[in-house]
Amino acid sequence: MAVTATETEAHPPSFLRRYVFSTDHKIIGIQYWLTGGLMGILGAFLAGLIRLQLTWPTTQWNLLAKVFPVGMEGGFMKPEFYISLVTMHGTIMIFFFVSLTLVSGFGNYLIPLQLGARDMAFPFLNMLSYWIIVPAILVAAASFFVEGGAAGSGWTAYPPLSAIPEAAPGSGLGQTLWLIAVALFIASFTMGGLNYVTTILNLRARGMSLMRMPLTIWSFLIAAAIGLLAFPPLTAAAIMLLFDRHLGTSFYLPEGLFVAGQLLPNGGGSPLLWQHLFWFLGHPEVYVLILPGLGVTFDVLVPFTRRPAFGYKVTVYCLLIIAFLSMVVWGHHMFVSGMNPLIGEFFSIGTLLITIPSTVIGVNMIATLWGGKLRLTSAGMFALGTICFFGVGGLGGVFLGNAAADIQLHDTAFVVGHFHFMIGGVTLLAIFAGSYFWFPKMFGKILSETLGKIHFWLTVVPFYGIFVTMHFYGLAGAPRRYYSLSQYGFLDDVAWMPLVMSTFAFAMMAGQALFVVNVIKSLWRGQVADKNPWEATTLEWTAPSPPPHGNWGDALPVVYRGPYEYHAAMGGTDFVPQTAPQKGG
Amino acid sequence: MGKANRPGPFGSTSGIILAAVIGALGVGVFVLGARRYLPPVASRHGIGIDAMLVYLLVTTGTLVVLGHLVLGYFVFRFSRGREVSSSLPGVRAERIWSIVPALIMTVIAEGGVLVIGIPVFSELYTEGPPSDAIVIEVTAEQFTWNVRYPGADGAFGRLDPSLISAENPLGLDPSDPAGVDDIHELALMYVPVNRPVRVRLRAKDVLHSFYLPYHRIKQDAVPGMTIDLWFVPTREGEFDLACAELCGFGHYQMRGFLHVVSEEEFERWLEERRG
Ligand code: HEM
Ligand SMILES: [Cu+2]
Ligand SMILES: [Cu+2]
């Protein structure tokens, strides 16, 4: 198994081995958490530029002209630069913010700690997975500064736009770099997934049966499993796209294409093939992100309601059902793609089945409050916010899974509003809930509650303001990925909306600065955390804050009970850690 | 390490504020959603799609409000520092609490799509256009719409991509007599009101999407495929045509117009265009 505590004490590792090229899951987790956070800031900055263009298209931004001399030449945004911004905002947020911070960050940090293990099953692979992400990010960032600019075919990279370099400025080198970045990401994520599944199945502490695992662990296990099943097809698809781009194959290119004044020699392929392969990954991918969001929410919620997670077993089964269904509904992204419409009806019915286990998870979250004694900490409040977002986002999904309604809503701002609530919002709030909650464990300091609460209000309320409004902007017909929407008469009645959305967006971005300040300030002179500041029951709270290399001293914890025992008040406390032996046992 | 490191007292005030805001957010969504946003419908099947959308707005809107109010109430009630309930939810309570919402959701989601949604969807896609439909060919390209009507012979001329040039944007084969009288328009369509319109949708270069917001029509145009769609315009007027699938930097300006006119005016227009 992994390194033992004594071994490390004997050979104190160098600074480099300890904090940079570390194989310790906690350091790797924190590296992911931080890297993802920085990418989140970059992604938000790009979102800010998008909002500037959509709201004040005629204003001259001289400062931005200095940063992006080509895309913002003379202080005005070029349409191709706008499309690159949308593409890179989505790509960065999904692959390099939420995936890294939530799944890789908390996953690596928590899996051994909550299972009672000293490290992940393959620590070296784990280190490698992080260090592959670094070039992926550099490649993605560099693409902004190459000829033609960054990729401009959306985060979905549909061919032929993404396959033919002449089809758009961003389809040149920028698109190639995009594909390389995503391929590196997949390689890294696959290593991580293997590690998650192996560790969770093999390295559980004595007594930690599957049904005693915290829901966070369940959600990471299921997410890693669907990730491992869904990523290989996308990898294959991406390689085929690279072949089409550089080796003259025609997997996605039919006969008779006429691009930029030229007839292309390709023939025999179909653009729809990419869409099937992409969404076969893409849909499960959003569950790879959202399931950990839900798991984390439960684990953060419970210590602040002082009640067990309501319906633990049912929730586990629902997570499994969702995971299964998520693999067979990818076609709901393709109702109007030209795919056989009969299959569309099948996908519609299948998609709406997902609402059933999702509803059960949502009401179980709400019911976890019943009979409790709420402690409204920042972490707990963010977890409550996640429940709201999951509700709004999920109900928006009922519209989009409905093939008839989707004819009108597909590729409009409604979709953008919906997925921001789900993969943007549920995950964002889960990241914050988890950060406020586990920060004391990660760094031994408690984040400021005052700043935390202001941060909460400046996140949740503006988020509704932006993305609920965006739903209705889409219902009014506004197409997505539009550089400007001013010429369409049907949008006259909702022409007030962009300003509202942008105002909230900038308020929300300002609010996020408080989190950065909070982290820095608390690291520097925050309140020192003891082992178990929230009086929680799971195993990570039995290790010191922060835990040493190897997590526990000589003896690993032994588990005697389920993860959420907050009912039986014994010895003046209202919680029983998982390590407390059963009475008489 | 003692009390200082525990979360401080969290009084009921913050609970009341949080509860109120959660409730207000739910009500806010509902109030915002109770307004009309859909562009006024202008096609026959669009009425069915609107019925679907309105049904969803009402049902899910109700659930949004209910969900927020219940959560808000729970926050209000259980943040007031009472003792933790020592009893655990029974198996029965647990079952009821999950089965009832699941049933409601099943009825709303699956019921809606089966009863209202799928009939509209399958009328559009499986029944196909009636035989008296006007046939128009629309070929999308970066960044405009080529619209072609068959001439008096009712037949489209053959197309050959190798013949495409600036003067011959579709690659019409001059040796095919059927094509001689074809009518070519740019980003402009004329159709008579209340007659089914059948559009044969093609694309020259990349994906586009034929989007008529007032007519509740959206269909991707895929290179290498000819996709049939149809609808019945029910109101006269000039309507927007937009592109709904990212096709490059000019995506946002791929605007077109659909003129829905009376039968006589349509005939007049055709006559005139045939020259
Ligand atoms: C800071 C708050 C955010 C704001 C104001 C924001 C705003 C936007 C806007 C305006 C668009 C473009 C819509 C269009 O014209 O098509 C967009 C696209 C997108 N956003 Fe965000 N966003 C935010 C955070 C996030 C987060 C946290 C995620 C995480 C997953 C995310 C994922 C995406 C994706 C996937 C797209 C689609 C890109 C594409 O069309 O290819 N966003 N966002
Ligand atoms: Cu999906
Ligand atoms: Cu377009």
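The paragraphs below take the core, the ring pairs and the charges in turn.

This is a predicted model, in which local features need pLDDT of at least 70, side-chain atom pairs count only at pLDDT 80 or more, and totals for chains, interfaces and linings use all residues. Residues are numbered from 1 along each chain as its sequence is written, chains are lettered from A and ligands numbered from 1 in the order in which they are written, and side-chain values use heavy atoms, leaving out hydrogens and water.

Start with the core. A nonpolar core is a set of buried Ala, Val, Leu, Ile, Met, Phe, Trp, Tyr and Cys residues joined through side-chain atoms within 4.5 Å. Buried means under 20% relative accessible area, exposed over 50%, and partly exposed in between (1.4 Å probe, protein chains only). The largest such core holds 282 residues, and A:Phe96, A:Tyr464, B:Tyr149 and B:Phe210 have the most contacts inside it. Its largest share, 22 residues, comes from helix 5 (residues 79-115) of chain A. Helices here are DSSP runs (H or I, at least four residues), as are strands (E, at least two), numbered from the N terminus. Beyond its neighbours within four places in sequence, B:Phe210 is in contact (heavy atoms within 4.5 Å) with residues including B:Trp145, B:Met189 and B:Lys218.

Now the rings. Rings of Phe, Tyr and Trp (its six-membered ring) pair if their centres lie within 6.5 Å; planes under 30 degrees apart count as stacked, over 60 as edge-to-face and the rest as tilted. That rule gives 66 aromatic pairs over all chains. A:Phe335 and B:Phe121 have ring centres 6.5 Å apart and planes at 75°, so they are edge-to-face. A:Phe335 lies in the loop between helix 10 (312-326) and helix 11 (341-367) of chain A, and B:Phe121 in helix 3 (residues 91-127) of chain B, so this pair joins two chains. A:Phe335 is buried at 2% relative accessibility, and B:Phe121 is buried at 1%.

A:Phe439 and A:Phe443 have centres 4.6 Å apart and planes at 45°, so this pair is tilted. A:Phe439 is buried at 0%; A:Phe443 is partly exposed at 23%.

Finally, a charge. Where does A:Glu540 sit? The residue is in the segment after strand 4 (527-528) of chain A. A:Glu540 is buried yet has no salt bridge (a side-chain nitrogen of Lys or Arg within 4 Å of a carboxyl oxygen of Asp or Glu). The nearest side chain of opposite charge, A:Lys441, is 7.7 Å away.

Conventions
Lys, Arg positive; Asp, Glu negative; His and termini not counted.
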